[in-house]
Amino acid sequence: MVEEKDGETTFSPTNSSKDHLNAEQIPQKQLLNAGGGHQALRKVAHSLRKELWCHLNNQTDMTEFIFLGFSNHPNLQSLFFLVFLVIYLTTLFGNTLIIMAIRVSPALHIPMYYFLSNLSFLDICYTSTTVPGMLVNFFQEKKTISYEGCLSQIFFLVTCAGTEGVLLAAIAHDHYVAICHPLQYPVLLSVKVCVCLVSGSWLCGLVDSTTHTVLAITLTLCGPNQISHFLCDIPFLLKLSCSGTSLNEFVLHVASATIGLSPCLFTAVSYILIISAILRIPSVQGRSKAFSTCASHLTVVVIFFGTANFNYDRPNVGYKLDMDILVSVFFCVGTPMFNPIIYSLRNKEIKGVLRRLAKECWFSSEISG
């Protein structure tokens, strides 16, 4: 029997369900293998909860999911809405400014800024995948997303995250060639090569997301249809699955190594070679200029891969829901906002173009007024 009390779902097993889920049927090895203490109880309770839900409801077709993220702070929903609205508008404004500055200035029509404009466009897509839905849900008592909407969010979220990791590696390659092989730069990073690198980044993200989404469709979900977060992601659906998830988990690990770890290692090796080359520059002014060229990108790389690693590769035990949400907010919402701020503050060329654009806008408004 399923009962609703104070907005929470409770289960009162009937005699038949008690017989079906008798505690004696739980193998003792399950407790031993799961580990001791609270971790073992948590795993067994989660397993029993899914079995009980399936047995009592006989339901595998889910039409929607309920987000539990931010639900433990009901009095702060308006404040959350205001904060995320400001973050979203800042992200859109900052990244759009960078795209416009690069587009209108012929001096910025070089590979480095071609990559940067694509990164800004990607950040707009990235934050638009999650934030608009969050803003709407802040005013909903029941924060839901449809099954199709959840799969769509996973597809676009994984696409953007995978593409950004590979694109940051491509930008690192651009810096490496510019500093370590400056005479070969026009050949090694021609227009054709740059287009191929950007297209390859998007292709990697699309292949990764398509694979995960197709595998997610094959899962048999048995509930409860609650996601302890503010967004849909592959690990959350795996927790709701009653069917086997070994293939999904294997593909997830392979993708983490290829789309996640490989670009990170490539970027790290590139910067080791870059720093060693910079230290060999005899003039202090030359070294300072070279470090200044790489500082913005290196800061973005550390923020992106650092938060991504903490978000996906940390242990599940010992973290509360608020900590999970904070890390995900920083990774999915904060990073796209920080990128234009970092690049505009530390890049003299972009700052110069933005100042000129601001003066032209002010001058034109003065004339029209």
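Which residue is the bridge partner of Phe65 in E4? In this predicted model, the partner is Ile145. That pair belongs to the contact between strand E3, residues 64-67, and strand E4, residues 144-146, where three bridges join two antiparallel strands. E3 also pairs with strand E5, residues 226-227, but here the sense is parallel and there are two bridges. On that side, Phe67 of the chain stands opposite Ile227 in E5.

An unreviewed UniProt entry places the feature "transmembrane region" at residues 79-102, 114-139, 151-173, 250-278, 290-310 and 325-345. Two of these ranges can be compared with the model's secondary structure. Residues 151-173 are 100% helix and 0% strand, with the end C-alpha atoms 33 Å apart. Residues 250-278 are likewise 100% helix and 0% strand, and their end C-alpha atoms lie 41 Å apart.

The structure holds two cavities of 30 Å³ or more. The largest cavity contains about 60 Å³ of space. Its lining is made up of Phe67, Gly69, Phe70, Met134, Asn137, Phe138, Lys143 and Phe230. By class, the lining has five nonpolar, two polar and one charged residues.

The second largest cavity contains about 40 Å³ of space. Met112, Leu116, Ile171, His175, His297 and Tyr343 line this cavity. Helix H5 (111-137) and helix H6 (147-180) each supply at least two residues of the lining. Four of the lining residues are nonpolar and two are polar, with no charged residue.

Helix H6 also holds Glu164. Is Glu164 buried or exposed? Glu164 counts as buried because its relative accessibility is 0%, and the cut-off for buried is under 20%. What does Glu164 touch, leaving aside residues up to four places away in sequence? The contacts are Leu119, Leu122, Asp123, Tyr126, Phe304, Thr335 and Asn339. Among these, Leu119 is 45 residues from Glu164 in sequence, while the two C-alpha atoms are 7.0 Å apart in space.

Methods: Residues are numbered from 1 along each chain as its sequence is written. This is a predicted model: local features need pLDDT of at least 70, side-chain atom pairs count only at pLDDT 80 or more; totals for chains, interfaces and linings use all residues. Side-chain values use heavy atoms; hydrogens and water are left out. UniProt positions are given in the numbering used here, feature names are shortened, and annotations may be inferred rather than shown by experiment. Helices (H or I, at least four residues) and strands (E, at least two) are DSSP runs, numbered from the N terminus. Two strands pair if DSSP finds at least two bridges between them. On a 1 Å grid over the protein atoms alone, a cavity is a set of points where a 1.4 Å probe fits but cannot get out, and a pocket is an open set with protein on both sides within 12 Å along at least five of seven lines; lining residues have an atom within 4 Å of a point. Grid points are joined across faces, edges and corners, and a volume is the space filled by probe spheres set on the points. Ala, Val, Leu, Ile, Met, Phe, Trp, Tyr, Cys and Pro count as nonpolar, Asp, Glu, Lys and Arg as charged, and the others, Gly among them, as polar. Buried means under 20% relative accessible area, exposed over 50%, partly exposed in between (1.4 Å probe, protein chains only). Contact means heavy atoms within 4.5 Å.
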